[in-house]
Amino acid sequence: MKITLTGIGLWARGLTSLAGFAAASRDGFAALSEAQFEPPKPIAIPSRERRRAGLAINLGVEVAHQACDVSGIDKSSVASVFVSALGDTATTDYMCRKLSGADKLLSPTKFHNSVHNAPACYWAISADNRAPNTFVGGFLESLGAGLFEASSQAIGADAPVLLVAYDLATAPPLDEVAAIGDTLAVAFVIEPTRQAQLRQTSLAVDAKLRFVGNAVPATAPRAAALARLAATNPMGGGLALVERCVAECAKGDESGESVLRFPAGSQAHVELRLESTR
Amino acid sequence: MSAFVNAYTLTSALGNGIGALRKALRSGRSGLTDAPWPGSDVPCFLGRVDVPPDLSLPAMWHSRNNALVELALRQDAFAEAVDDIRHNLQPERIGLAMGTSTSSIDRTEQAYRRLDADGRFAAEFRQSGVHNPHAPAHFAAQRLKIGGPCVTVSAACASGAKAFAMAKRWLDQNLVDAVVVGAADSLCLSVIYGFHALQLVSPQPCRPFAANRQGISLGEAAGFALLTRERSADARELLGVGESCDAYHMSSAHPDGLGARLAIEAALADAKRGMADVDYVNLHGTGTRANDDIEGRVCGSLLAASRALASATKGWTGHALGAAGMVEAILCLDALATGFVPGTRNTACVDAPFELLLDNVEQRLETVLSNSFGFGGTNCTLVFGR
């Protein structure tokens with residue numbers, strides 16, 4: 001699949017925008033080890049929904065808007081794919097604790113936020129977007145699954161697709177399922193290359209994506225401080241992809257390629273071959 | 001590009017496998033019962049599956065939801081059909097697209113009831129592959145030795161339908177040669193108390209589109225279909241898919257059914273069919289006041305220009321949530337195969353602006369349409385043909 005990445009959004013401790021990421025990369029992310037996580041402010045979400053939204057929703061909506069702003073695409077018409085290994089573990093924990101007690105009456109808001117497509121819905125409301133959206137999962141191989149699904153949607157519809165990938169830091173007992181040390185969200189606008197070539201964008205990283213039937217470890221970021229952060233979250237590979245995109249842009253007209261691999265299932269991976277910048 | 005359904009199976013409150021499903025429908029036996037659910041005091045009827053305790057699942061996969069998956073895979077020689085196709089194809093060219101909303105949350109609930117003194121999961125519940133949204137796909141993929149893309153779609157009550165949409169994209173783009181489409185959702189306290197919190201659970205067996213409807217009856221199910229680009233002798237065709245979002249509210253549909261209409265129109269356009277070509281519509285028809293009112297208005301205007309039969313089948317099976325799209329896709333596929341069209345069980349006094357099929361009928365069908373709408377305003381419509 002020939003795709004072009006035209007938008008990037010991100011939120012983690014010390015990294016809250018693509019511009020901030022590019023700036024931090026110049027000194028090897030020196031400030032990252034001391035940085036604390038601050039949740040995003042849900043400014044894009046209409047006030048009626050805002051009071052109902054939790055961290056997973058706020059994160060997803062924040063990076064979705066960031067990526068669209070970088071790309072310049074129409075927020076009201078882009079289809080979207082949301083992906084997470086564990087989903088909204090804060091809500092899962094609330095539900096299971098409440099249901100293990102004597103008083104099982106649940107908050108209706110927490111229940112409707114417990115569906116895994118809740119962040120996608122709040123994004124759609126915040127952007128007045130009636131295009132298809134979905135939530136996909138692949139447990140610890142979710143990023144590869146998300147890249148595959150978003151790219152196939154983009155090629156299939158010959159239109160941009162927004163990919164939003166996130167996982168929250170886990171607390172006991174759900175850290176038994178996956179010990180996630182840092183909350184992280186990344187988003188990419190993925191376009192069919194021949195569509196992306198029709199307009200000027202501030203970011204345009206061409207890539208060939210293919211599904212390969214053997215297992216490999218996920219590509220890690222090159223910068224050591226960034227790699228340490230990435231290793232704490234199933235979506236950490238997204239930081240490696242952001243890093244390579246920023247590096248591709250910095251190279252200007254130099255030719256060259258950079259290959260990233262993300263597991264997609266226990267015996268397969270998604271290969272992303274970044275080709276050049278325009 | 002074409003996507004053909006070569007094999008399918010369904011295990012639901014109507015029984016295990018297609019034979020049991022046909023028998024229950026023809027004998028007029030609904031799967032809904034008021035037998036109490038362990039740990040619940042919510043007055044309701046449920047469409048439950050009798051899951052035998054001796055399925056011999058490996059301990060790492062233990063959960064009611066995975067047991068449902070296993071039970072479904074043992075019916076109608078479905079796993080054997082996947083084995084057969086594997087002999088002729090590269091392993092990475094066979095994918096799995098799985099819809100679920102509950103995943104194995106039944107097991108996570110159980111783990112929380114049995115936390116150890118440190119507040120952690122007791123040893124038998126330390127099953128990382130089970131307590132996550134991808135669990136049924138993960139389990140089914142290793143059970144069926146799937147080597148290609150294996151992706152879960154979890155979009156509330158549209159999940160099962162959206163798994164078909166995903167599979168059709170993969171086949172259309174030649175990313176795979178075959179896709180196992182699956183869906184599995186299981187009854188658990190999360191859904192019973194969740195819908196109870198929203199005051200949507202009917203104390204009576206659900207009565208879709210009835211004037212005296214009082215809400216939903218929850219159910220559970222697992223089903224599978226095997227899709228390829230090649231047509232086998234008695235295959236049906238997945239003609240079109242349509243997806244949309246209401247962008248309106250988390251748990252209330254758009255009052256004019258804007259998203260529902262977009263999904264239906266997109267599916268018909270994808271299928272290159274008009275409403276006049278459709279012979280049967282399986283409505284989402286949950287039995288809540290709001291859903292049936294809004295879906296009724298959308299379908300009322302569409303069905304006015306159509307000779308299609310229309311029924312809502314959740315009075316038979318219960319609302320299997322993330323698997324509902326699969327249940328109803330298979331009811332549609334089997335109606336195409338047999339000419340037996342299920343009516344709207346439990347409904348007598350109709351409140352719908354179109355003619356609702358109440359009693360089962362026998363009629364040859366060429367083209368059928370199935371609606372699935374979910375929380376988050378997510379909508380998916382499928383069109384199948386002979």
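## Strand pairing between the chains

Strand 3 (residues 133-137) of chain A pairs with strand 6 of chain B in the antiparallel sense, over two bridges. The model is a predicted one.

## The side of chain B that touches chain A

In the contact between the chains, 57 residues of chain B meet 55 residues of chain A. Several elements of chain B each supply at least two residues of the side that touches chain A: helix 4, helix 5 (135-144), strand 6 (150-153), helix 6 (159-172), helix 7 (189-197), strand 10 (236-245) and helix 8 (258-271). Strand 6 of chain B, one of these elements, is the strand that pairs with strand 3 of chain A.

By class, the residues on this side of chain B comprise 26 nonpolar, 21 polar and ten charged.

## Crossing of the two helices 4

Helix 4 (residues 89-99) of chain A and helix 4 (residues 105-113) of chain B have axes that come within 8 Å and cross at roughly 60°. The two helices are therefore oblique to each other, and the crossing of helix 4 of chain A past helix 4 of chain B is right-handed.

From chain A, the residues that make this contact are A:Thr92, A:Cys96, A:Arg97 and A:Leu99. Helix 4 of chain B contributes B:Thr108, B:Glu109 and B:Tyr112. Sorted by class, the contact between the two helices has three nonpolar, two polar and two charged residues.

Methods. Residues numbered from 1 in each chain as written. Chains lettered and ligands numbered in written order. Predicted model: local features only at pLDDT ≥ 70, side-chain atom pairs only at ≥ 80, totals over all residues. Axes fitted to C-alpha atoms, helices over the stretch in contact; angles between N-to-C directions. Helix = DSSP H or I, 4+ residues; strand = E, 2+ residues; numbered from the N terminus. Parallel < 35°, antiparallel > 145°, perpendicular 65-115°, else oblique. Left-handed = near helix turned anticlockwise from the far one by under 90°. Contact = placed C-beta atoms within 7 Å. Nonpolar A, V, L, I, M, F, W, Y, C, P; charged D, E, K, R; others polar. Pairing = 2+ DSSP bridges.
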